[in-house]
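Please find some notes on the model shown here.

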Amino acid sequence: MKKLTVAVAALALVGTIGFAKTLKVGLASGAYTMDPQAFNETATNSILSNIFDTLVRFDENIKVHPDLAESWSNPEPKVWIIKLRKGVKFHNGNTFNADDVVFTFDRIKNWKKSGFKGKVSMIDKVEKIDDYTVKFTTKKAFPVFLRKLTYVNMLDKETVKGKSDEWIGLHPIGTGPYKFVLWRKGDQIKFKANPNYWAGKAKFDDLIFRVLSNNATRTAAILSGEVDLINRVPVVDVNRIKNNSKLNTFVKPGLRLIYLQMDQFREKTPYVKSPTGKNPFLDVRVRRALYYGINEDAIIKYIMKGFAAPAAQFHPDVVVGYDPTIKRVKYDPAKAKKLLAEAGYPNGFSVVLDAPNNRYINDAQIAQAVASSLAKIGIKVKVNATPKSSFFPKTAKQDTSFFLIGWASSDGDGSSMLDGVVHSKDDVKGYGRYNNGKYSNAQVDKLIEESDGNMNPTARVKQMREAQKIAIVDDQNIIPLHYQVDIYASSKKIKFVPRTDSRIWAYDIK
Amino acid sequence: MKFFKNELVVEFFEDKLAVGGLIIFIFLCILALFPSLFSYQNPYDLTQLFLENSFQPPNHTFWLGTDEQGRDIYSAMVYGLRISLYVGLASTVLSVVIGYTLGLISGYYGGWVDTIIMRIADIQLSFPAILIALIIMALWGEGIGKIVIAITIVNWVYYARTARGVVLSEKEKDYSQSAKALGMSNLGIIFGEILPNTTAPIIVIATVRIANAIILEATLSFLGLGVPITEPSLGSLIANGYQVLFSGYWWASVFPGVLLMVLIISINLIGDRMRDIMNPRLKR
Amino acid sequence: MLKYILNRLFHSVIVMFVISFIVFFIMFKAGDPVQLLLPPDATQQDVIEMRHALGIDQSFIKQYEAFLKNVAKGNLGNSFVYGQPALDVVFERLPATLELSVLAMIFSIIFGVPLGIIASIKPKAWYSKAIMFLSLSGISVPVFWTGMVLVLIFSVLLGWLPSSGRGEVYLFTSAFTWDGIKHLIMPVLTLSFFQLALILRLTRTGMMEVMMQDYIKLATAKGVPRRVVVYYHALKNSLIPLITVIGIQFGQLVAFTIVTETIFAWPGTGKLIIDSIQNLDRPIVVAYLLVISFIFVAINFIVDILYTFVDPRVRV
């Protein structure tokens with residue numbers, strides 16, 4: 001390993017002798033802050049991952065690898081002992097040690113504005129054993145512990161302590177492969193390689209992230225060579241980029257499920273007009289009719305241009321809890337009509353489908369295609385596609401009967417969706433915040449809660465699968481549509497490896 | 001009076017460009033009034049849309065191609081024209097009625113009524129129209145009715161100010177003074193005497209503002225804050241097509257864009273000519 | 001004069017106060033920003049804590065009171081999303097927006113006024129008619145459509161100009177570097193198209209009206225050379241209404257950068273305000289609108305002062 005590091009460093013040195021190498025990346029959205037503990041959001045996390053290190057890190061296939069933690073052990077269900085890497089320096093020269101780890105976790109826990117509370121809420125205590133050993137005690141046995149830690153970026157206690165939130169938000173100092181240079185908000189962020197990075201200096205001396213939020217301009221930028229790499233290639237542009245001999249395209253299955261949920265708790269639901277006056281979604285046959293009645297293959301083919309994977313369950317196959325036995329049903333409008341008739345709606349009903357129009361890939365178009373599909377089985381759907389500013393507060397108040405939404409299992413573990421979307425709404429226990437259709441099944445709840453504390457991986461997955469099976473196969477609590485796919489385009493001059501977690505980690509780019 | 005009007009009409013027809021504008025505008029209005037007669041698909045009827053027809057280039061079945069939902073662009077343009085015109089006309093009529101009434105009241109009565117109305121107008125004019133509409137739409141959500149109201153909220157001020165200005169100058173003129181002397185009621189004077197004399201400038205402004213209202217609607221739709229996407233206006237068709245413009249599906253935005261331009265140019269040609277006629281100082 | 005200025009100042013403060021109240025109220029009613037700020041896997045407890053930390057769990061009156069107290073200290077609150085003082089965030093982006101607006105305005109005046117004069121001298125000539133028809137198209141084409149067509153032609157088809165972003169920045173502006181200028185061309189053209197047409201038309205109307213006036217006719221009759229009459233006497237007098245319009249239009253221009261910045265991914269306040277409205281970032285929205293209305297008020301004030309210089313008949 002050490003030899004390799006030296007070799008890489010030497011190679012990097014050779015690179016710098018000729019000329020400084022710059023990597024320019026065009027991003028669909030930029031960072032909101034340089035404070036790695038403020039706003040938990042994919043684009044910000046992605047950019048900051050180049051400056052900050054975590055104790056453990058996901059590789060490109062969302063498996064946990066050591067980062068600043070050299071090794072770890074789990075002597076008791078609730079106790080984790082983590083050994084830290086030695087000789088790691090922050091960008092300002094300070095040494096990284098156990099005090100920084102304790103400080104980092106304390107800050108997230110005590111800072112009311114942190115968006116990362118969900119990543120540390122399972123922790124009861126963080127204690128320093130010695131300078132390079134830290135002991136974590138969790139409140140309950142917590143199998144997803146390490147995966148959650150991949151979100152906790154290590155701060156330098158000496159630098160950050162006593163500084164205002166505003167200062168921290170502008171002055172990122174980490175241990176990562178790149179150092180902060182400048183941030184022109186809404187335009188570009190400039191980093192330069194950290195010569196003292198513990199795994200060796202990065203290949204590119206300068207790293208520039210440019211914010212190109214408009215799809216068309218982002219495509220234009222990679223075609224004209226203004227940037228070397230873009231993320232979120234618009235699905236309609238993939239072929240055009242493929243036809244360009246100087247560019248490569250990359251397709252990586254993502255973690256985000258796009259699905260429909262409906263009001264499953266009110267006798268009368270606000271946005272439905274049905275002949276009986278009742279809420280048709282309370283009947284599982286109606287929910288199942290929707291599943292059969294949506295031509296998802298056509299949505300993937302024509303709206304997503306083939307860049308999405310049909311979904312039959314909560315998580316894609318890389319996520320813990322995936323169940324290979326659950327398969328998507330075939331599009332069958334005749335069966336859908338039959339189910340509707342059995343449920344007492346031979347002539348359908350009308351409903352408003354709420355959807356965001358600036359949150360997921362082609363969200364409003366998908367909603368429209370769903371409406372057009374359902375029209376053919378007699379359900380009249382009016383699409384109300386609004387900006388996320390009105391969509392999310394609206395669904396959070398359950399001011400909706402039927403909505404299109406997405407969920408990314410960003411820990412690579414199915415528990416987050418089971419806890420947040422499938423479990424009954426329970427604010428005290430902290431479950432079901434996103435379950436705005438208010439699906440509720442006591443047996444499912446029990447299985448989820450049991451699996452959340454089960455340290456035996458095999459038994460745990462079994463419980464998760466059972467919960468999922470009841471919820472989605474028996475109860476059809478949501479209508480899964482598809483998993484998003486991340487598409488990147490890069491210049492052939494660079495070697496890029498796409499990651500499941502959608503981040504752009506420049507150190508891996510050669 | 002009749003002769004005077006005829007003279008104006010005659011004068012209007014002297015300008016060939018304006019006549020061209022009028023003919024195009026009337027033609028577009030007919031299209032918009034009976035969209036089902038002129039199109040072969042009802043783009044709002046989701047049972048008629050099939051994803052298999054997605055992004056067809058212009059061909060025999062779909063004259064101007066289709067969008068990603070398999071919606072015929074030509075038919076959608078005819079129906080979209082109707083929505084754009086509706087939004088333009090409805091919001092203009094509404095803002096004329098509201099603005100005009102408030103302006104008349106403000107100008108005629110003066111005093112604190114005037115102060116309040118004009119202060120509100122001032123405040124509103126002290127930030128740009130598009131921002132007001134933008135905030136309203138972002139927070140209310142989309143909808144044709146909502147966009148009409150948003151544009152009305154933005155536009156009433158212009159009529160109120162114009163009406164007030166005219167009333168202030170007309171009030172002092174002989175005819176209204178004598179009406180007052182004859183014991184006519186305030187309302188009677190406003191609506192019987194002053195109103196007919198203020199219509200000319202208002203009509204001219206209204207024509208121009210219809211065009212502006214249509215542009216504003218299109219702009220809001222472009223920013224994703226307009227009418228529902230299942231019932232597209234010209235603006236939302238362009239916005240939707242813009243997403244794929246550079247991907248080779250140019251027809252989805254270029255055709256609606258051209259139609260929008262033609263519509264607005266025709267209205268402006270008419271408005272221009274009317275202004276020239278009604279502004280006697282410019283006559284040579 | 002001093003009394004007049006103080007009076008204006010007082011009015012402006014009232015106007016800005018009312019604006020802040022209305023916007024604050026609208027944003028208060030709009031919804032819960034925490035639903036957007038926290039990731040989906042946060043719990044309800046996190047939501048409650050964050051609401052408390054941002055002070056948005058209070059009643060409207062209490063929140064507005066807190067806001068006013070902060071304003072008194074020159075602080076418009078911290079952005080919910082960026083965590084930085086809202087005014088700082090707006091001011092940081094303002095140069096990019098002002099750069100676009102000022103350049104677009106200069107461009108519109110440089111081309112709009114002369115073309116308007118040309119079209120006014122011989123209104124029946126073919127070139128006057130051509131200019132007028134083009135200007136009609138100018139006020140008829142939505143800003144976003146102009147931008148789209150420009151990008152399609154110059155970036156996608158010809159590949160001459162970059163389609164997005166701001167180039168190299170030197171001393172607050174990108175107008176001093178070649179890279180910066182290349183990035184500026186299309187956004188400025190897009191933004192100025194409408195203004196140019198408008199200014200052209202107003203210049204023409206103004207000139208034609210002034211040329212009808214008796215004193216111009218008198219001057220011509222007296223044998224003052226035509227050129228002097230047109231470019232000195234007539235132009236000077238037709239400038240007066242133009243100044244007001246340019247003042248008002250500058251404000252509109254700043255607002256229309258919203259569309260231009262969206263198309264060209266220009267990192268100015270227009271892009272910021274769209275994002276902030278969509279993130280329900282109230283402090284930024286309030287700060288932005290206050291800054292914009294301040295610019296508006298200031299420009300109108302300057303216009304009024306300018307008036308007194310151009311037209312000695314006006315006394316303030």
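1. A residue is called buried if 20 or more other C-beta atoms lie within 10 Å of its own, exposed if 12 or fewer do, and partly exposed in between, with C-beta atoms placed from the backbone. Helices (H or I, at least four residues) and strands (E, at least two) are DSSP runs, numbered from the N terminus. This is a predicted model, in which local features need pLDDT of at least 70 and side-chain atom pairs count only at pLDDT 80 or more, while totals for chains, interfaces and linings use all residues. Residues are numbered from 1 along each chain as its sequence is written, and chains are lettered from A and ligands numbered from 1 in the order in which they are written.

2. In H6(C), the buried residues are Ile131(C), Met132(C), Ser135(C), Leu136(C), Gly138(C), Ile139(C) and Ser140(C). H6(C) has 15 residues, and its first and last C-alpha atoms are 21 Å apart, close to the 21 Å expected at 1.5 Å a residue (the expected span is 1.5 Å times one less than the number of residues).

3. Where chain C meets chain B, 36 residues of chain C and 29 residues of chain B take part; two residues are in contact if their C-beta atoms, placed from the backbone, lie within 7 Å. On the chain C side, the elements giving two or more residues include H1 (2-30), H6 (126-140) and H8 (178-212) of chain C. H10(C) gives the most to this side, with eight residues. By class, the chain C side has 28 nonpolar, seven polar and one charged. Here Ala, Val, Leu, Ile, Met, Phe, Trp, Tyr, Cys and Pro count as nonpolar, Asp, Glu, Lys and Arg as charged, and the others, Gly among them, as polar.

4. Chain A brings 43 residues into contact with 44 residues of chain C. Among the elements of chain A that each supply at least two residues to its side are strand S10 (206-211) and helix H15 (415-422). H14(A) gives the most to that side, with six residues. The chain A side divides into 13 nonpolar, 16 polar and 14 charged residues.

5. Most residues other than glycine have a negative phi. Gln476(A), not a glycine, has a positive phi of about 50°. Gln476(A) sits in the loop between helix H17 (457-474) and strand S18 (478-491) of chain A, and is buried, with 21 other C-beta atoms within 10 Å.

6. Ser502(A) also has a positive phi, near 70°. Ser502(A) is in the segment after S18 of chain A and is buried, with 21 other C-beta atoms within 10 Å.
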